[in-house]
Each structure stands twice: as structure tokens, then as C-alpha cells.
Amino acid sequence: MASLKDMRVRIASTKATQKITKAMQMVAASKLRRAQSAAEAARPYAEKMDSVISNIASAATGSPGGSPLLVGTGKDQVHLLLVCTGERGLSGAFNSAIVRLAREKAYALMNQGKDVKFFCVGRKGYEQLRRTFDKQIIGNVELRSVRQLGFVNAEDVAKKVLALFDAGEFDVCTLFYSRFQSVISQVPTAQQVIPLEVSSPAANATAAKTSYEYEPEEDEILSGLLPRNLAVQIFRALLENNASFYGAQMTAMDNATRNAGEMIRKQTLIYNRTRQAMITKELIEIISGAEAV
Amino acid sequence: MATFHFDLVSPEKLAFSGEVDQVDVPGIEGDFGVLAGHAPVVAVIRPGILTVITGSTRQKVIVLGGLAEVSENGLTVLADVATSLEELDRAAFANQIEEMEEKLKNGEPGHELDREIERLDHFKSIQTQLNSTAMH
């Protein structure tokens, strides 16, 4: 049985761990606030972009020879899964949940006889996917050294994806990220970005009546706008991911702190029992020794 | 004078939102002013200076490309980058121009290079405007 000193050391180390998890929880909470406001600040741009594109696209559809980013390459044999995950762990099931969704999708596609390729953004997703799909990963971007997530980061990723698309590496691109719903709930989401799924809401019925003047021509605007839209979608995914990550980390660290508290309580109980048992044993020895005299 | 609603959004933030009298937009095919009741237009923006006029105040914002949309709900500008004149770091801006010039020297001739040169020209024209306003 462990000696009293060993137990004291173990309790002290559990307490130290608890302090670390507690600190991480608080750091995550403050970073979450910033990540959340960043995600909210990006929303108007993405929404406006969406409505402008759907306006132009609904006017432009029907005309042959549209951009392949909008109408697709005409086939859907090769799928690219663009998987965005966090750079760090210690965030509960955050990274695994995204990877699991991507993996399920990949298997479903492969069962249909399609080819699947991966493009990873974030180190954790890359590490997890590498185990099963090593050969199918055609790109990997790490954002580890990035302190403040800027639009340039998303643009970088978009450029690489577009280069692959232009090279004919894939036909359909799906973006995987975690949507930030609330601090305790993050939803892994799959969103098809190439070819773009144009939302044609009922509101369009009235909005489409406004005939815009285009300067320059529609096609020209559209061809500039579509690659940009990809960057915007990726940027939004990264921001949502960031907020989700801190939310998940906060919850995970809160759990860890509580578990550590529970562990300390149990260990202290055993420690006290052992101590009392030893005192009793010593007393018995003294008393029986005195009686024998 | 009638006012209309103007939103200036960049990917990182909502830079401006409110009622204004007039906005001068640097369009890719020439500058144009937008007043209340403007016909619906979608226009691409070149890097340049956007002027927002509210009453007697003029606010200048530097936009580095983007898209302007005029609808009956007002004007929406989707700017790639939007910085107000006061916030702009002139030294950093000059640096950026130098970097672009550096890159162009090694560029291969082609469509891409032409676009970069055009972009550089826009940047330079912003800088000249900046310097000329600084003198006044």
C-alpha cells in the first residue's frame, strides 16, 4: 500500500492539474468572446455576398458557358473534402466530430464508386485523417502560427483549392467545419461550395424583378465574384470553427476541473482513513505494550 | 435633401452603416456618385478612395477593390479591405507598394501580370491623392 507521503504527493499533483484546467477554461472563455464577435462581424459581408451572387446568378442562369464554379464541370466523379479543424487539442470531441462527419461522407461516396480526395486545414484533422486516408490527402494548410485569423488566411486556402480545381483535380468540393450554435453546442456541418449551391429564396421572386445595370458585364462580375465567394465561405467557416473550438474547449476544461475536484475529494478521503488507521494501530501497540509490563 | 441607407462591409467587419446624402464610388469603369433614388446598379470597384457625404461632413474611406450594389434599399459596398483615411498607416501602405513593385519585376508576362500592374497603378494613384491631401 502507498505510504502517506506518496498520497500527499499525488493529491498535490492532482491539485496542480486542476489549477491548469481551470486556467485553460478561463482563457478559453475570454478568447471565445473575441472569436464570437469576429464571427458575428463577418456575417453581414457573407450574407450580402450571398444575396448579390444569387441575384446575378439567377439572371445569368440559362446562358450557356457559365463559370464551372457555378454550374460544375458536368460530372461528379471526384469529390474534394475540405476539412477545417482546430490546431490544438484539449477541446473534447470538437476535432473528432468534424473528422467523423467527413469520414462518414467519404465512405458513403466511396461506396457509390466515387473518388474522394482530402484537403486539410488545421493540424488536428490532418493527423486524424492521415491514419486512414494518407494517399488521398492532396493538400494541407496549418494555421498554427496565425495569431489573429485574417481574411488573407482564407484567401490563401481558397487560392490553393482553386488552383487544384483549375488543374482538374476534382469536380465537387464540400467544406466541413463546425457551426457555432452556442457555447455548449457546436454542430459539425458539411457545405457544398463548388459548384455553388445558389440559394434561390422566395424573396428572390420580388427582388429578381429589379433589373440591375451591370458595370462591367454580368459574366465578368460573376467570374471575379465566384472565386472571392469561395474565400468568403472559407473565412466564415474558419471563424465559426474558431468560436466553436473555444466553446468546446471551455466545456471540456470545465468538465476536467470538476473531475479533478472529485478525484481530490476521493484521494483525501483515502489519505485521512489511512492516517487514522495508522494512529489507531500505534495506540493499540502502546496500550498493549503498557499492559504487558 | 433626401438621404438613403449606406452599408460598407468588409470581410472582417461592418465598417459603416447609416443614412447618408451622397456617396462617391470609385467604379472600375469610372467614378460615380450615388444619390437617393439611384437606379439599381451592380458595379465592380477598383482600389481607390470612397467619399461619404452626410450633411456638410465628408468622410473618406480607402477601399481596395470590391463590389457596389445599389437597390431600392440603398447602397451596399462589399469592400475587400476598407480603412478610413485616419486609420491608414502610410508607411505600411508605401511598403506594400514597394513589395508589389518588387514582385512585378520578376513576374512572367501574361494576363496575371497585366492585372497586377493595373492594381499597382490604382495603389499609386491612391498614394498621390493621399499625399496631395496631406499638403493642404
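**Exercise 1. Determine which residues stand opposite Leu8(B) in its neighbouring strands.**

Solution. Leu8(B) stands opposite Phe16(B) in β2(B). The model is predicted: local features need pLDDT of at least 70, side-chain atom pairs count only at pLDDT 80 or more, and totals for chains, interfaces and linings use all residues. Residues are numbered from 1 along each chain as its sequence is written, while chains are lettered from A and ligands numbered from 1 in the order in which they are written.

Step 1. Strand β1 (residues 4-9) of chain B and strand β2 (residues 14-20) of chain B run antiparallel and are joined by 6 bridges. Strands here are DSSP runs of E with at least two residues, helices are runs of H or I with at least four residues, and both are numbered from the N terminus. Two strands pair if DSSP finds at least two bridges between them.

Step 2. The hairpin that joins β1(B) to β2(B) passes through 4 residues. Asp7(B) stands opposite Ser17(B) in β2(B).

Step 3. β1(B) also pairs with strand β9 (residues 74-79) of chain B, in the parallel sense and over 4 bridges. In β9(B), Val77(B) is the bridge partner of Leu8(B).

**Exercise 2. Describe the side of chain A that touches chain B.**

Solution. Step 1. Contact is made by 21 residues of chain A with 21 residues of chain B; two residues are in contact if their C-beta atoms, placed from the backbone, lie within 7 Å.

Step 2. The elements of chain A that give two or more residues to this side are α1 (4-60), β6 (213-215) and α7 (218-292). The largest share, 8 residues, comes from α1(A).

Step 3. By class, this side of chain A has 15 nonpolar, 3 polar and 3 charged residues. Ala, Val, Leu, Ile, Met, Phe, Trp, Tyr, Cys and Pro count as nonpolar, Asp, Glu, Lys and Arg as charged, and the others, Gly among them, as polar.

Step 4. β6(A) pairs in the parallel sense with strand β5 (residues 41-45) of chain B, over 3 bridges. Opposite Glu215(A) stands Ala43(B) in β5(B).

**Exercise 3. Compare the span of α7(A) with its expected value, and locate its bend.**

Solution. Step 1. α7(A) has 75 residues and reaches 109 Å from its first C-alpha to its last. This is close to the expected 111 Å, the expected span being 1.5 Å times one less than the number of residues.

Step 2. At Leu226(A), α7(A) bends by about 25°, and Pro227(A) follows within four residues. The bend is the angle between axes fitted to the seven residues ending at a residue and the seven starting there.

**Exercise 4. Identify the backbone features at Pro195(A) and Leu90(A).**

Solution. Step 1. The peptide bond from Ile194(A) to Pro195(A) is cis, with omega near -10°. Pro195(A) is found in the loop between β5 (185-194) and α6 (203-207) of chain A.

Step 2. Leu90(A), although not a glycine, has a positive phi of about 55°. Its loop lies between β1 (78-84) and α3 (94-111) of chain A. Most residues other than glycine have a negative phi, and most peptide bonds are trans.

**Exercise 5. State the confidence of chain B and of the model.**

Solution. Step 1. Chain B has a mean pLDDT of 82, and 96% of its residues reach 70 or more; pLDDT is the predictor's confidence in each residue, from 0 to 100.

Step 2. Within chain B, confidence is lowest in helix α2 (residues 111-135), at a mean of 73, and highest in strand β3 (residues 22-27), at 91.

Step 3. The model scores ipTM 0.71 and pTM 0.82.
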